[in-house]
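Keep the sequence and the 3D view side by side.

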Amino acid sequence: MNARVQTSAPPSDDNAGAWLKILAPYRQPDIGRSAFELLVTVVPFAIFWAIAYFSFAYGFWVGLLAIIPAGAALLRLFMIQHDCGHGSFFGRRKLDDWTGRVLGVLTLTPYDYWRRAHAAHHATAGNLDERGIGDITTLTIAEYQALSPFGRLGYRLYRHPLVMFGIGPAWLFLFKQRLPFGMMKSGAQPWVSTMSTNLAVAVLAGLMIWAIGVVPFLVIHLPIVLLAGAAGIWLFYVQHQFEETHWSAGEDWKFPKAALHGASHYDLPPVLRWVTGNIGIHHIHHLASRIPYYRLPEVLRDHPQLADIGRITIRDSLRCVKLVLWDDQRQKLVSFRDAALTSAARA
């Protein structure tokens, strides 16, 4: 499984479509490795959760720091659920689906509802004509300028870091995902998935509250969920909201190019790569979503020319927060200030 995949004369990074065939051999998961990855994530999550609880129960307040690694483990469980949604974790649809549904109870994410929305995101990422499903709302400069003053204020508030990464996780995971809005025309499955997940969450939370009390449960579990949620939204944000990302419309939009150049390579330190399930190698994931996350580093090892495409560091990612509008003419994301200066210069 770890042997290098030999290829001859790999295409340039501009020939995105040719990479689809080259990456196909990496799509095969190792069921034993997948089971191991699940085990080494679930067990630490349970251990750190227990440490936090006993620390709270016995007044050992420093032990509540275990909430942080518990949140990291919950984030990693979501990444496993994410791979299940793509059918890439075990490579067996029923096993992936039921694993994803069970994990969805812990991550507060209705699996079938989320899977459909996420599939739409993959199918339309970087397409200016297909925005709004499973992605972060991004307006062009012209669209923003066409808004009323109240509309501009609303967009500015939506894109503010405190809203995006503070209020946003609570709204998304605690409230928005409790009803499958946006999937009204997709049949009964999103509703069944959402209501089943809500019921399972209620039962599990009820049992935990019965066992340890409502205050300990909320003091421990709520911060874990919000930490994991904030980290997850941050990752999703910087994977598509970086300066040189690729957007196009109409016949100019082509899936391979949009996938490879419209998602970033978030180059994280080894520990964070492990916690995030290599999701930072997002350009490769978008181009070939059936590759298990633990095989994505193999792709960069065997094809190092792909590593520099859309590469951003942690320092670079901090600057991405101010990029909020798409400049059609310069084909890049810009800040509100930059957009205003550009518009004034063009007037």
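This is a predicted model: local features need pLDDT of at least 70, side-chain atom pairs count only at pLDDT 80 or more; totals for chains, interfaces and linings use all residues.

Now look at which side chains of helix 4 face inward. Asp96, Asp97, Thr99 and Gly100 are among the buried residues of helix 4. Leu103, Gly104, Val105 and Thr107 are buried as well. What do the buried residues of helix 4 pack against? Their partners are helix 2 (31-57), helix 3 (67-85), helix 5 (111-124), helix 8 (161-175) and helix 9 (189-212). Just past the end of helix 4 comes Leu108, with a positive phi of about 60°.

Step back to the loop between helix 3 and helix 4, where His86 sits. Is His86 buried or exposed? His86 has a relative accessibility of 11%, and buried means under 20%, so His86 counts as buried. Set aside the neighbours within four places in sequence, and His86 contacts Arg93, His118, His122, His285, Ser289 and Arg290.

Finish with the cysteines. How many disulfides does the structure hold? The count is zero. Cys84 has a relative accessible area of 0%, so it is buried. Cys320 is buried too, at 4%. Both values fall under the 20% cut-off for buried.

Terms used
Residues are numbered from 1 along each chain as its sequence is written. Side-chain values use heavy atoms; hydrogens and water are left out. Buried means under 20% relative accessible area, exposed over 50%, partly exposed in between (1.4 Å probe, protein chains only). Helices (H or I, at least four residues) and strands (E, at least two) are DSSP runs, numbered from the N terminus. Contact means heavy atoms within 4.5 Å. A disulfide is a pair of cysteine sulfur atoms within 2.5 Å.
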